[in-house]
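Hi everyone, thanks for having me.

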Amino acid sequence: MVALGFENGILCEVYAKAVPKLVDDEGFWFRYFYRIDKAKQVEEARADLVRRAVSGEDDDENWELGSIESSLLGRA
């Protein structure tokens with residue numbers, strides 16, 4: 001079992017429910033870090049939009065954050 005992140009009670013609960021019933025250990029951590037990476041990408045896109053808005057580079061197309069989030073999270 002990977003010790004990383006088990007100080008977080010919620011993560012430990014999800015891991016205990018999912019492994020090995022729904023997914024193996026390697027698959028769990030692959031999915032976990034994939035989601036973390038996608039969340040960071042969404043946050044970076046959001047921060048970029050804020051920077052553009054503040055600097056005056058606000059094209060209407062840049063404000064479609066919902067479509068950016070959807071594409072990054074695979075919900076297109």
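Predicted model: local features only at pLDDT ≥ 70, side-chain atom pairs only at ≥ 80, totals over all residues.

Residues are numbered from 1 along each chain as its sequence is written, and side-chain values use heavy atoms, with hydrogens and water left out.

Okay, helices. By helix I mean a DSSP run of H or I with at least four residues, numbered from the N terminus. H1 covers residues 9-18 and H2 covers residues 25-55. Two packed helices are described by the angle between their axes and the distance between the axes. Here the axes come within 10 Å and cross at roughly 140°. An axis is a line fitted to C-alpha atoms over the stretch in contact, and the angle runs from 0 to 180 degrees between N-to-C directions.

Who's touching whom? Contact means heavy atoms within 4.5 Å. On the H1 side we have Leu11, Val14, Tyr15 and Ala18, and on the H2 side Asp25, Phe28, Trp29 and Tyr32. That gives 7 nonpolar, no polar and 1 charged. In this scheme Ala, Val, Leu, Ile, Met, Phe, Trp, Tyr, Cys and Pro are nonpolar, Asp, Glu, Lys and Arg are charged, and the others, Gly among them, are polar.

Now, the loop between H1 and H2 is where Pro20 sits. Most peptide bonds are trans. But Val19 and Pro20 are joined by a cis one, with omega about 0°.

Last stop: how many salt bridges are there? The count is 2, where a salt bridge is a side-chain nitrogen of Lys or Arg within 4 Å of a carboxyl oxygen of Asp or Glu. Asp48 pairs with Arg51 at 3.9 Å, N to O, and Asp48 also pairs with Arg52 at 3.9 Å, N to O. Together, Asp48, Arg51 and Arg52 form a network. Arg51 and Asp48 are 3 residues apart in H2, so about one helical turn separates them.

Buried or exposed, Arg51? At 52% relative accessibility, Arg51 is exposed (over 50%; buried is under 20%, partly exposed in between, with a 1.4 Å probe and protein chains only). Asp48 is partly exposed at 29%, and so is Arg52 at 30%.

Conventions
Helix = DSSP H or I, 4+ residues; strand = E, 2+ residues; numbered from the N terminus.
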